[in-house]
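Please consult the sequence and the model while reading the sections below.

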Amino acid sequence: MSDTSKVSKVDPEVQDTVAPADDPTAAPVSVVDPRLLIREEGLKGYWTEFTRKVKGGELGSLPVVIGLIIIWTIFQLQNDRFLSADNVSNISYYMSATGMLAIGLVFVLLLGEIDLSVGSVSGLSSTLFAVFAVEHGVNPWLALVLAVLVGIGIGGLQGWFFAKIGVPAFVVTLAGFLGWNGLMLWLLGSSGTINIPSDTGPIHLLGQSSFFMDQAIIGAYLLAGLGVVLSLVGNFGEQRRRKAAGVPFRPTVEILLRVGVLAVASFLAAFVLNDAAGVSNALVIFLAALVIVDFVLRRTTYGRKVFAVGGGIEAARRAGINVPMIRITVFAISGGFAALGGMFFAGQTASATLSAGGGNTLMLAIAAAVIGGTSLFGGRGSVWSALLGMLVIQSIQTGLDLLNMNTSIQYMITGAVLLGAVVIDSVSRRSQKAAGRA
């Protein structure tokens, strides 16, 4: 049967027509939605759609998933403790702090911009918390709220200079990187450290010895089950909405397969973490933030506006989107998550120190978002990039620590992985342009 005859059988409500690019006056040809192809051809349709996406540069999370498998395999072969329960627990705990910074940076990167101040803002926020709670006796939870509000305010201020005054985001946030770091040093004084009692509200909650449903091994499985149920409800809800709208939708078999893979991964992770001490509160909060932010970006009008501005400022403006407002709020969100990340760092050390948010924290947060799949060119990415990217970075750091490798080696390998991610992103965009999908 010819391709023409196949097209003729397509359900007209999910079939579109376009004129050939080389001859606009020619008769239109049918274009079949990929989901319809999958529904009609089964496994062959899946393979056809997969190869089409790869050829068209739509790689998604495939490169980072393959990279993670390679990294874990290499380190496990070098040291059989790498995938042990205790080591996996350490990876999941320590990736959360920088991961919070990466969540905020995903928003900024979706606009095609950069925020160089998140490391300094995180350090300043943890310092402000210590000053409020320890030196002035403010209620710890109120001190936390005040510190996060300051972070949001700082981000919004920087966004205002960028959106309203026209100062490049690179310059504004570089000034913030220096200025907020200086304010942190001034607040810490000559000692350079403010110790925070480990039983102080938020600090105790985010400490390494605090776990979700402490001493209850069922906690990890409850979280895994909740994630699977939410995924199932979300997928079937989307399927129902698309059916009602008369547009192509994912087949039930595909949804069950996707949720099944998620279930296996989730319950396996729960089993491994339970073999150590359970799921840390820091990881639970990090994952909850990912779910909430993912919903905001994919399911709300605001999220669609962020993608629209990142995809094309002029087109977004002509569509009636308030571009300055989106820019200001995105930088405010970045500042808020930087402040939360600072609290995670404070929870790890039970102190506010000169090193908080310093060193390579900024670079690792940016690298996590980019390695995870968020484009540096704007308009494309997912908040789950923060999770995948941090898994890569923290796995490399922990694996090299187990092998007693020098820090310099860690930096070089992380830099090479980051460069590889950007190269893949650039090649992917070029492939999409060649395929007419950019």
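## A nonpolar surface patch

In this predicted model, Leu142, Val145, Leu146, Leu149 and Ile152 form a nonpolar surface patch of about 400 Å². Such a patch joins nonpolar side chains (Val, Leu, Ile, Met, Phe, Trp, Tyr) within 5 Å, from residues with over 30% relative accessible area and no salt bridge; a salt bridge is a side-chain nitrogen of Lys or Arg within 4 Å of a carboxyl oxygen of Asp or Glu. Areas follow the Shrake-Rupley method with a 1.4 Å probe, and for residues only the protein chains shown count as cover.

Val145 lies in helix H7 (residues 140–165). Helices (H or I, at least four residues) and strands (E, at least two) are DSSP runs, numbered from the N terminus. Val145 counts as partly exposed because its relative accessibility is 44%; buried means under 20%, exposed over 50%, and partly exposed in between.

## Basis of the model

Residues are numbered from 1 along each chain as its sequence is written, and side-chain values use heavy atoms, with hydrogens and water left out. Local features need pLDDT of at least 70 and side-chain atom pairs count only at pLDDT 80 or more, while totals for chains, interfaces and linings use all residues.

## The protein as a whole

The protein has 18 helices and four strands. Of its 438 residues, 42% are buried. Among contacts (heavy atoms within 4.5 Å) with a separation of 6 or more, 75% link residues 24 or more positions apart.

## The largest nonpolar core

A nonpolar core is a set of buried Ala, Val, Leu, Ile, Met, Phe, Trp, Tyr and Cys residues joined through side-chain atoms within 4.5 Å. The largest one has 92 residues, and Ile103, Phe129 and Phe286 have the most contacts inside it. Helix H5 (residues 85–110) gives this core its largest share, 14 residues.

Beyond its neighbours within four places in sequence, Phe129 touches several residues, including Pro140, Leu144, Ile196 and Met343.

Ten of the eleven residues in helix H16 (residues 361–371) are buried, among them Thr361, Leu364 and Ile371. Just after H16, Gly373 adopts a positive phi of about 125 degrees.

The C-alpha atom of Ile371 is 8.2 Å from that of Gly420, although 49 residues separate the two along the chain. Gly420 belongs to helix H18 (residues 407–434) and counts as partly exposed because its relative accessibility is 29%.

Note on methods. Buried means under 20% relative accessible area, exposed over 50%, partly exposed in between (1.4 Å probe, protein chains only). Patches are made of residues with over 30% relative accessible area and no salt bridge: like charges are joined within 9 Å, nonpolar side chains (Val, Leu, Ile, Met, Phe, Trp, Tyr) within 5 Å.
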